[in-house]
Amino acid sequence: MAVLIVVCVVVVMLGFCICTALLRWNEVRYRKKGLPPGTMGWPVFGETTEFLKQGPNFMKNQRARYGSFFKSHILGCPTIVSMDPELNRYILLNEGKGLVPGYPQSMLDILGNCNIAAVHGSAHKAMRGSLLAIISPSIIRDQLLPKIDEFMRSYLSNWDGKILDIQERTKEMALLSSFCQIGIASDTKSEAFKAEFYKLVLGTLSLPIKLPGTNYSGGIQARKNIIGILRKIIEERRASSSSQNDMLGGLLKMEDSRYKLSIEEIMDQIITIMYSGYETVSTTSMMALKYLHDHPRALQELREEHIAIRKQKGPDDPIDWNDYRAMKFTRSVIFETMRLATIVNGVLRKTTQDMELNGFVIPKGWRIYVYTRETNYDPFLYPEPLTFNPWRWKDRSLESHQHLMLFGGGSRLCPGKELGIAEISTFLHYFVTRYRWEQVGEDELLKFPRVEAPNGLHIRVSKY
Ligand code: HEM
């Protein structure tokens, strides 16, 4: 017995010594002169476990110890975390100085080499310019909003008397709505597309392990299948002489303009559009319903706004641009939802060369996590920051506050902002004018690393 105890003690002590040595070695390895303070955790894994487990508290604890600009090693890379609103703004405004998007390799492999986050300089200008041209305010008004309206009107029919997982429904809504805008007809092709798209999303959020059965391999295969479907759709379009007023039609029409894209670029652009609007639009829609459910006064004001719009129309009249512009309180609800739920925690950049930032030297290739979450809870900007208060957005100047990063900033500011808000507004319009709803059970909601209900968010829907 005594021998066993001694062996146990020796093993524990040995383990402790090895752990300490590894941690120390990893700290020394990254102890370059000029780097900001912070800890690097374990070799290879760094502090990823703590980051994922403790989430925002990990960031706040590190900030309390090291300030708003600290080093760490998360998600496989040495990373600088910036929590300083001024510095965050500077980083986003200075891509030209070598602060380019730094998204994980798995994401870039699956979204394609021409996808907007993978390209910089003139290639970025071309991809962004061609995108802005097909989602400009006048195109949303004349071409996309009528499509969104038609889709939402039909998608939100026959929900009466059902118990639904609203997370699943809003995800499907965001994807199918983008199909309509892009011009992917709802037929067997779109069913196959949908299944492949879900695999693609899973792949982008995984570790890049190319082994059979991994989410990454599944994502790579899904990309190949999606490219196959898109290529066929494009060939069919080119073979027919008629042009169509959807996003794909817009991209194909650009063949003679300065934003002419190759077929590979067009396909990556389409995948980017679907991918960028998918989780952002769906999660904001789901969380807006959650907050409205929990705040009856806000729901009443929102519903009154939509009923007033409906009253001026026939039952089958679509929502038009003027109606959308009149949805002022709805816009406030959407902004407040994005702020309080923190739909986007931050954005990633990487350095293309050694550079000085905030008095420190950041080595080439390091990732910078422009962590904007805490700004959403800044009590000076948002008094009583943990309260759902859409009325605070009545002050429209808040939307253009320089520290507001709900849609990013600088040369990468979300080009789909108005389109996304128009989609969510139209969804809410048909939902609140047709239905009332109540939450069923106590579904868990996770806020980090992304907002999600692991077992779904269930609601009982009845006719309004
Ligand atoms: C309404 C919900 C949305 C939110 C909260 C949102 C948020 C964001 C944020 C934070 C960024 C900056 C990323 C970065 O700097 O690295 C961004 C970029 C982007 N978003 Fe959105 N987005 C939304 C909807 C959409 C929609 C509907 C589209 C579809 C066209 C879209 C397309 C894009 C694209 C293509 C970029 C990259 C822009 C570039 O690199 O130049 N977004 N979005």
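Trainee: In which sense do strand 5 and strand 8 pair, and over how many bridges?

Mentor: Please keep in mind that this is a predicted model. Strand 5 and strand 8 pair in the antiparallel sense, over 5 bridges. Two strands count as paired if at least two bridges are found between them, and the 5 bridges here meet that condition, so the two strands are called paired. One of the bridges can be located by residue: L348 has Y369 in strand 8 as its partner.

Trainee: What makes strand 3 and strand 5 a pair?

Mentor: They are joined by 3 bridges and run antiparallel. The requirement is at least two bridges, so strand 3 and strand 5 qualify. Within this pairing, L99 stands opposite T351 in strand 5.

Trainee: In which sense do strand 2 and strand 8 pair?

Mentor: Strand 2, residues 77-82, and strand 8, residues 367-371, pair in the parallel sense over 4 bridges. S82 is found opposite V370 in strand 8.

Trainee: What is the order of the strands in the open sheet, and what is the pairing called?

Mentor: The order is 1-2-8-5-3, with 5 strands in the sheet, and the pairing is mixed.

Trainee: Why are strand 1 and strand 3 called edge strands?

Mentor: Strand 1 (69-74) and strand 3 (99-101) each pair on one side only. From one strand to the next, the twist of the sheet averages 35 degrees.

Trainee: Which helices lie across strands of this sheet?

Mentor: Helix 3, residues 56-66, lies across strand 1, strand 2 and strand 8, and runs at about 135 degrees to strand 1. Helix 4, residues 85-93, lies across strand 1, strand 2, strand 3, strand 5 and strand 8, at about 125 degrees to strand 8.

Trainee: How is the arrangement of helix 12 and helix 16 described?

Mentor: Two packed helices are described by the angle and the distance between their axes. For helix 12 and helix 16, the axes come within 10 Å and cross at roughly 40 degrees. The crossing is right-handed. Residues in the contact include G277, T280 and V281 of helix 12, and G420, E423 and I424 of helix 16. By class, the contact has 5 nonpolar, 5 polar and 1 charged residues.

Trainee: Which helices supply residues to the shell around the ligand?

Mentor: Helix 6 (121-134), helix 12 (263-294) and helix 16 (417-434) each supply at least two. Helix 12 gives the most, with 7 residues. In total, 27 residues surround the ligand, and the closest are G277, G408, C414, G416 and G420. The shell has 17 nonpolar, 8 polar and 2 charged residues.

Trainee: Why is E384 called exposed?

Mentor: E384 has 9 C-beta neighbours inside 10 Å. A residue is exposed if that number is 12 or fewer, so E384 is exposed. E384 lies in the loop between strand 8 and helix 16, and has a positive phi of about 45 degrees although it is not a glycine.

Trainee: What makes N358 partly exposed?

Mentor: N358 has 16 other C-beta atoms within 10 Å. A residue with 12 or fewer is exposed and one with 20 or more is buried; 16 falls in between, so N358 is partly exposed. N358 is in the loop between strand 6 (355-357) and strand 7 (360-362), and its phi is positive, about 55 degrees, although it is not a glycine.

How values were computed
Residues are numbered from 1 along each chain as its sequence is written. This is a predicted model: local features need pLDDT of at least 70, side-chain atom pairs count only at pLDDT 80 or more; totals for chains, interfaces and linings use all residues. A residue is near a molecule or strand if its C-beta atom, placed from the backbone, lies within 6 Å of it. Ala, Val, Leu, Ile, Met, Phe, Trp, Tyr, Cys and Pro count as nonpolar, Asp, Glu, Lys and Arg as charged, and the others, Gly among them, as polar. Axes are lines fitted to C-alpha atoms, for helices over the stretch in contact, and angles run from 0 to 180 degrees between N-to-C directions. A crossing is left-handed if the near helix is turned anticlockwise from the far one by less than a right angle, and right-handed if clockwise. Two residues are in contact if their C-beta atoms, placed from the backbone, lie within 7 Å.
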